[in-house]
Amino acid sequence: MTKEKNQPQMTIQENDFKLVDAINAGHSELFYNLVKKYEQPLFNFGFRVCGEIRDAEEMVQDAFLNAYEHLDGFRKESTFKNWLFRIAINACMKKKRKTKSAPERELSLDDFIPEDMDNIPDGLPEWATRPIDQLLTDELGEIIKQGVLSLPEKYRLVFVLRDIEGFSSDDTGKILNISTSNVKVRLHRARLYMREKLKEYFEND
Amino acid sequence: MTEQGHSHKSCIKLFEKLSEYIDGELDDASCEQIRRHVESCLECDNCLKTLKKTITICKSLRQNCMPASFSQKIDKMLQRLCA
């Protein structure tokens, strides 16, 4: 075993904290490393939430500018990534007036309760049994994009963070400043809503 | 549960937990309860499978790549910021 292999691996979080310390100590050029690490996931998040490339770009730029400006106030109480996404969401809210946001409304669980068996035509729909690689098309991608954008904002943010960006329920709650149980409630309703969108698409296919 | 319809409270109670079940966030007893329920309830089994597929599809979406022109814009911003 080589010497390198014996050294403990630095976690992503430790690595980010080390970079933050160095930047705050005067090595501002290292901010480049943090930007390059997170610009792509931030852009993807912004595009999913705002729906327009220009808005996503503005969100990314504003998020990094704000992060740089307030980096000395980062207390390491969360991961750098969570902190950055929280800043990005604040930037997103500023963009809200510029985008065609879906109206704020509650999604009721009652709207998604399955029908009685008598009303289900042929049991499990065919799309639910088809392999994933046969389903993923540009057209379906567009359906999902529009479906996500039509989700009321509080559900959309949870859905994108959890099911597209891959944050845990706990981290999503911390980023949005809501409880984990609230994340789970919103996520379930958002998923049921998206399931309806997919059902409509495949049934009319 | 099918014979009692989906207005039945216990059926709806399980329906509320399907996402947590899929995410592996429920305790063993609740998981077992759902497993037993969907074996005999076509509606909930259908819902569980289509919900699972929905999540898999959404998680498999390709990332939206940043335009190259924006990447250059960010680099210029960094040059100004970190100079």
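This is a predicted model: local features need pLDDT of at least 70, side-chain atom pairs count only at pLDDT 80 or more; totals for chains, interfaces and linings use all residues.

Me: Why is Lys36(A) called partly exposed?

Reply: Its relative accessible area is 26%.

Me: What makes Lys36(A) and Asp75(B) a salt bridge?

Reply: The side chains meet at 2.8 Å, N to O, and the cut-off is within 4 Å. The pair crosses between chains, running from helix H3 of chain A, where Lys36(A) sits, to helix H5 of chain B, which holds Asp75(B). By this rule the count over all chains comes to 18 salt bridges.

Me: Why does the pair of Arg62(B) and Asp138(A) join two chains?

Reply: Arg62(B) lies in the loop between helix H4 (42-59) and H5 of chain B, while Asp138(A) is in helix H7 of chain A, so the pair joins two chains. Their side chains meet in a salt bridge at 3.2 Å, N to O. Arg62(B) has 64% relative accessibility and counts as exposed; Asp138(A), with a relative accessible area of 59%, is exposed as well.

Me: How do you know whether Arg162(A) is buried or exposed?

Reply: Its relative accessibility is 8%, and the buried class is under 20%, so Arg162(A) counts as buried. The side chain of Arg162(A) meets that of Asp23(B) in a salt bridge (3.0 Å, N to O). Asp23(B), at 23% relative accessibility, counts as partly exposed. Both belong to a network of salt bridges that also links Asp163(A), Lys184(A), Arg191(A), Glu20(B) and Glu25(B).

Me: On to the rings. Why is the pair of Phe43(A) and Phe70(B) called tilted?

Reply: Planes under 30 degrees apart count as stacked and over 60 as edge-to-face, with the rest tilted. Here the planes are at 40°, so the pair is tilted. The centres are 6.2 Å apart, and pairing needs them within 6.5 Å. Phe43(A) and Phe70(B) are both buried, and this pair crosses from helix H3 (residues 31-50) of chain A to helix H5 (residues 68-81) of chain B.

Me: And what makes Phe74(A) and Phe80(A) edge-to-face?

Reply: Their planes are at 85°, so the pair is edge-to-face, with the centres 5.9 Å apart. Phe74(A) has a relative accessible area of 6% and is buried; Phe80(A) is buried at 1%.

Me: How do you know where the charged end of Lys81(A) sits?

Reply: It sits over the ring of Phe167(A), 4.8 Å from the ring centre. The distance rule is within 6 Å, and there is an angle condition of within 35 degrees of the ring normal.

Me: What makes up the lining of the second largest pocket, by class?

Reply: Three nonpolar, five polar and five charged residues. Among the residues nearest its centre are Arg62(B) and Asp138(A). H7(A) gives the largest share of the lining, four residues, and the volume is about 280 Å³.

Conventions: Residues are numbered from 1 along each chain as its sequence is written. Chains are lettered from A and ligands numbered from 1 in the order in which they are written. Side-chain values use heavy atoms; hydrogens and water are left out. Rings of Phe, Tyr and Trp (its six-membered ring) pair if their centres lie within 6.5 Å; planes under 30 degrees apart count as stacked, over 60 as edge-to-face and the rest as tilted. Buried means under 20% relative accessible area, exposed over 50%, partly exposed in between (1.4 Å probe, protein chains only). On a 1 Å grid over the protein atoms alone, a cavity is a set of points where a 1.4 Å probe fits but cannot get out, and a pocket is an open set with protein on both sides within 12 Å along at least five of seven lines; lining residues have an atom within 4 Å of a point. Grid points are joined across faces, edges and corners, and a volume is the space filled by probe spheres set on the points. Ala, Val, Leu, Ile, Met, Phe, Trp, Tyr, Cys and Pro count as nonpolar, Asp, Glu, Lys and Arg as charged, and the others, Gly among them, as polar.
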